[in-house]
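This briefing covers one protein chain, grouped by topic.

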Amino acid sequence: VTTHAGVWGATSDDSIRLMHENGFMTPETVYVHAATLTSDSYHRIAATGGSISVSTESEQSAGQGYPPTWQVRRHGIPVSLSMDTSVWWSSDLFSAMRSTLGADRSREHLEAHAQGQTVTQVHLRAEQVVDWATRGGALALGRDDLGSLEPGKQGDVVLIKNDRSPVSFPLLNPYGHVAFQAQRGDVHTVLVGGRVVKWDGRLVGADL
C-alpha cells in the first residue's frame, strides 16, 4: 500500500494515528513525503516496519513540507526516493539523489547555526542516497530479487560511462561521483532482467 502522509494542509498525525489504531499500518505500507509529522508518527511507522518515500524535488517545489530525511534517519525508518510527477520536475533519480543530499545537509547546517555551532562532518553521505535510490526502492516494494548485484537476482543494471564528459574522470569516489556528478546522459547501458534495453546511450529496439 502506498499512501500520502504528512503533507502540509492535507494529511496530518491524526491520519497516522487512525491507521495505527485500526491496524492498517504494516511493513508493506509506504508513506510518501511524510514531511510534516511529529515524532509520535515516526515512532508508529518505525514500530510497524513501514518505509518512507522521500520525493525531495516535489517537497521543495510543491510545499508538502521539508524533505524529512533528517527526521527519518533518527528513527531508523527505511527510505526510498521518488519523483512524484514528471510534469513539474526532473523525473530523474540522479536529481533525486543530489537534491535529497543537499536538502538534508542544508537542514543540518541550519540547525547547527541556530545553536551557534559549526558542522564539520555532515551525517548524510553520498553512499546512503545511492543506496536509497537502489536497494531502498527494492526494500519498499518487498522485492528481495532487486536492488543489488548478487547471484539469483533479477539482473536490472544501470551502467554509467561517458568518456566525453569532463567530470567523468578521475574517478576517486564512486558514490560521490554518482550522487554529485552523474546525469542521464552518462547512462551508457541499461539491462532489465538481463536483457539489454539501452546501449551506448541509445535505446535498443525502440522507435521513439
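Contact here means heavy atoms within 4.5 Å. The model is a predicted one. By that definition, and leaving aside its neighbours within four places in sequence, Ile 52 is in contact with Tyr 31, His 33, Ala 34, Tyr 42, Ile 45, Val 72, Ile 77, Pro 78, Val 79 and Ser 80.

**Nonpolar core**

- The largest nonpolar core has 31 residues, and those with the most contacts inside it are Tyr 31, Ile 45, Ile 52 and Leu 81.
- At least two residues of this core come from each of α1 (13-21), α2 (39-47), β3 (51-54), β4 (79-81), α5 (93-114), α6 (126-140) and β6 (187-192).
- Helix α6 gives the most to this core, with 5 residues.
- Two of the residues with the most contacts inside the core, Tyr 31 and Ile 45, are also among the contacts of Ile 52.

**Overall fold and dimensions**

- The chain contains 7 helices and 8 strands.
- For 208 residues, a compact globule would have a radius of gyration near 17 Å, and the chain agrees with this because its value is 18 Å.
- The C-alpha trace spans about 50 × 45 × 35 Å along its principal axes.
- Of the 208 residues, 42% count as buried.
- Among contacts in the chain with a separation of 6 or more, 61% are made by residues 24 or more positions apart.

**Surface and charge**

- The chain exposes about 12,000 Å², and carbon and sulfur atoms supply 53% of this area.
- There are 17 positive and 22 negative side chains in the chain.
- The centres of the positive and negative sets lie 5 Å apart.

**Thr 100, in helix α5**

- Thr 100 lies in helix α5.
- Thr 100 has a relative accessible area of 1%, so the residue counts as buried.
- Apart from neighbours within four places in sequence, the contacts of Thr 100 are Thr 56, Thr 69, Leu 81, Leu 124, Val 129 and Trp 132.
- Of these partners, Leu 81 is also one of the residues with the most contacts inside the largest nonpolar core.
- Thr 100 and Val 178 are 78 residues apart in sequence, and their C-alpha atoms are 13 Å apart in space.

- Pro 78 is placed in the loop between α4 (69-75) and β4.
- Pro 78 counts as partly exposed because its relative accessible area is 30%.
- Not counting residues up to four places away in sequence, Pro 78 touches Gly 50, Ser 51, Ile 52 and Leu 139.

- Arg 143 lies in the loop between α6 and β5 (157-160).
- The relative accessibility of Arg 143 is 35%, so this residue counts as partly exposed.
- Arg 143 touches Ala 138 and Gln 154, not counting residues up to four places away in sequence.
- Arg 143 and Val 157 are 14 residues apart along the chain, and their C-alpha atoms are separated by 15 Å.

**Backbone geometry in loops**

- The peptide bond from Phe 169 to Pro 170 is cis, with omega near -5°.
- Pro 170 lies in the loop between β5 and α7 (174-180).
- Asp 84 has a positive phi of about 75° although it is not a glycine.
- Asp 84 belongs to the loop between β4 and α5, and its relative accessibility of 41% means that it counts as partly exposed.
- Asp 200 is likewise not a glycine, yet has a positive phi of about 55°.
- Asp 200 sits in the loop between β7 (195-199) and β8 (202-203), and with 49% relative accessibility Asp 200 counts as partly exposed.

Technical notes. Residues numbered from 1 in each chain as written. Predicted model: local features only at pLDDT ≥ 70, side-chain atom pairs only at ≥ 80, totals over all residues. Heavy atoms only, no water. Helix = DSSP H or I, 4+ residues; strand = E, 2+ residues; numbered from the N terminus. Rg over C-alpha atoms; globule rule 2.2 N^0.38 Å. Buried < 20%, exposed > 50% of the residue type's maximum accessible area, 1.4 Å probe, protein only. Areas by Shrake-Rupley, 256 points an atom, 1.4 Å probe, with all protein chains shown as cover. Lys, Arg positive; Asp, Glu negative; His and termini not counted. Charge placed at Lys NZ, Arg CZ, Asp CG, Glu CD. Core = buried A, V, L, I, M, F, W, Y, C linked by side-chain atoms within 4.5 Å.
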